[in-house]
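Let's take a friendly walk through a structure together. Have your viewer ready, and follow along from the overall fold down to single residues.

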Amino acid sequence: MKTMTTALVLLTSLALTGCGTTTGSRAGSGAAMGAAGGALIGSLSAQAGAGALIGAGAGAVGGYLVDQHKKGYID
């Protein structure tokens with residue numbers, strides 16, 4: 001059950017990472033969703049704080065990369 005929950009959270013976070021219209025809003029929404037997903041996954045191993053920090057960083061980078069891709073700067 002934990003594996004299924006983890007997979008669902010990861011897929012949902014990845015699908016929603018690039019929400020927004022500007023670079024800042026996409027990176028911000030990615031960070032927020034990454035933090036939520038990271039905290040959920042981290043709580044499975046009693047490391048919710050570390051998971052939230054790692055997830056926020058990964059989400060912010062993901063949102064930024066999606067923004068740059070949509071603008072045509074990266075393929």
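This is a predicted model: local features need pLDDT of at least 70, side-chain atom pairs count only at pLDDT 80 or more; totals for chains, interfaces and linings use all residues.

Residues are numbered from 1 along each chain as its sequence is written, and side-chain values use heavy atoms, with hydrogens and water left out.

The protein chain has 3 helices and 0 strands, and along the sequence this reads as α-α-α. Helices here are DSSP runs of H or I with at least four residues, strands are runs of E with at least two, and both are numbered from the N terminus. Of the 75 residues, 28% count as buried; buried means under 20% relative accessible area, exposed means over 50%, and partly exposed lies in between, using a 1.4 Å probe and protein chains only. The accessible surface comes to about 4,600 Å², and carbon and sulfur atoms hold 73% of that area. Such areas come from the Shrake-Rupley method with a 1.4 Å probe, and for residues only the protein chains shown count as cover. Among contacts with a separation of 6 or more, 52% are between residues 24 or more positions apart, where contact means heavy atoms within 4.5 Å.

Begin with helix H1, residues 2–16, which holds Ala7. Ala7 counts as partly exposed because its relative accessibility is 37%. The C-alpha atoms of Ala7 and Ile41 are 9.6 Å apart, although 34 residues separate the two along the chain.

Next comes H2, whose 21 residues reach 30 Å from first C-alpha to last, close to the 30 Å expected at 1.5 Å a residue. That expected span is 1.5 Å times one less than the number of residues. The buried residues of H2 include Arg26, along with Gly30, Gly34, Gly37, Gly38 and Gly42.

Between helix H2 (23–43) and helix H3 (48–70) there is a loop, and Ala46 is found in it. Most residues other than glycine have a negative phi. Ala46 counts as exposed because its relative accessible area is 67%.

H3 has 23 residues that should span 33 Å, and its end C-alpha atoms are 32 Å apart, which agrees. Gly51, Ala52, Gly55, Gly59, Gly63, Asp67 and Gln68 are buried in H3, and H2 is included in what covers the buried residues of H3. Leaving aside neighbours within four places in sequence, Gln68 is in contact with Thr23, Tyr73 and Ile74.

Just after H3, Gly72 takes a positive phi of about 85°. Ile74 lies in the segment after H3 and counts as partly exposed because its relative accessible area is 35%.
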